[in-house]
Amino acid sequence: MEHRVLSISEQCEILGIHRSGLYYHPRGESALNMQLMNIIDREFFDKPFYGVCRMTHHLRLMGYRVNEKRVRRLYQLMDIRVVYPKKNTSKVDKTHYKYPYLLRGLRIDRPNHVWAADITWIPMQKGFMYMFAIIDVYRRYVLNWSISNSMDAEWCTEVLNEATEMHGTPEIFNTDQGSQFTSLHFTGALKSQNIRISMDGKGRAIDNVFIERLWRSVKYEYAYLNPANGGVELYRGMDKYISFYNHERPHQTHDYKTPRELFFDQQNVA
């Protein structure tokens, strides 16, 4: 997106895309790997306890001649974390502190009480991209989101800062223990705004279930049905879907109210 006259921000404004989603060129993989990743993604929604060995077995039963090495690489590429405790096979970065989980037994009863965030893999016609989203847990409202072809702390931090500029700050911010979220860059941004940091326990399927429900909706209601042919097309399509999710889609857990309706109901009560 280099241009001799226009700045990156000006180019993004003209295209109607987020400045925080700077990299809109999809990451590429072979046709076989894209098939495998699509299968893994769908299967993992239903069986989040499937590790590399079980998923390899599942793929072999489907007729794919794959080994565990390939499946493990795809898990890493898709940022998949299995929900049972795993052996510590890699060195931990001691500069990345793991914060305790603060939501256990907590009654979340108001907007901006708890925000949650996560990254997921989005399939496309050719290649894939990553999506990062932040939600208000109480009202299930998507506060900010972005897509990129890389997962890094700087990207996540920029999306976080945009969210707090637009919506204020939460009391608690919850994520998993991914390296982006344990980085000093990301946690520093939270601490500078006096936001309490909460992180899922290793191998726990329910700790960040709030945003996992968002990912299921995003993929089954949009991404799987409308595989985008390019990053800008993905952004524009996702922008429409998130608007629908926030303003039109009823949520069963809140008596079929939309996140927007729930937000204004709470304001009227206050």
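Which residues in helix 8 meet which residues in helix 9? The views below take this up after a look at the whole chain.

**Figure 1. The whole chain of a predicted model.** The protein chain holds ten helices and five strands. Buried residues make up 50% of its 270 residues. Take the contacts with a separation of 6 or more: residues 24 or more positions apart account for 65% of them. The accessible surface of the chain comes to about 14,300 Å². Carbon and sulfur atoms own 50% of that surface.

**Figure 2. The buried side of helix 3, residues 52-61.** Five names to find here are Val-52, Met-55, Thr-56, His-58 and Leu-59, which are buried. They lie on the same side of helix 3, because they cover an arc of only 160° around the axis. An α-helix has 3.6 residues a turn, so residues three or four places apart point the same way. The buried residues of helix 3 pack against helix 2 (31-46) and helix 4 (68-77). Gly-63 follows helix 3, and its phi is positive, near 105°.

**Figure 3. Helix 8 packs with helix 9.** Helix 8 spans residues 209-223, and helix 9 spans residues 231-247. Their axes are 11 Å apart, at an angle of about 115°. The crossing of helix 8 past helix 9 is right-handed.

**Figure 4. The residues where helix 8 and helix 9 meet.** Here is the reply to the opening question. Helix 8 brings Leu-214, Ser-217, Val-218, Glu-221 and Tyr-222. Helix 9 brings Glu-233, Leu-234, Gly-237, Met-238, Tyr-241, Ile-242, Phe-244 and Tyr-245. The residues of this contact divide into nine nonpolar, two polar and two charged.

Conventions
Residues numbered from 1 in each chain as written. Predicted model: local features only at pLDDT ≥ 70, side-chain atom pairs only at ≥ 80, totals over all residues. Heavy atoms only, no water. Helix = DSSP H or I, 4+ residues; strand = E, 2+ residues; numbered from the N terminus. Buried < 20%, exposed > 50% of the residue type's maximum accessible area, 1.4 Å probe, protein only. Contact = heavy atoms within 4.5 Å. Areas by Shrake-Rupley, 256 points an atom, 1.4 Å probe, with all protein chains shown as cover. Arc of directions from axis to C-beta. Axes fitted to C-alpha atoms, helices over the stretch in contact; angles between N-to-C directions. Left-handed = near helix turned anticlockwise from the far one by under 90°. Nonpolar A, V, L, I, M, F, W, Y, C, P; charged D, E, K, R; others polar.
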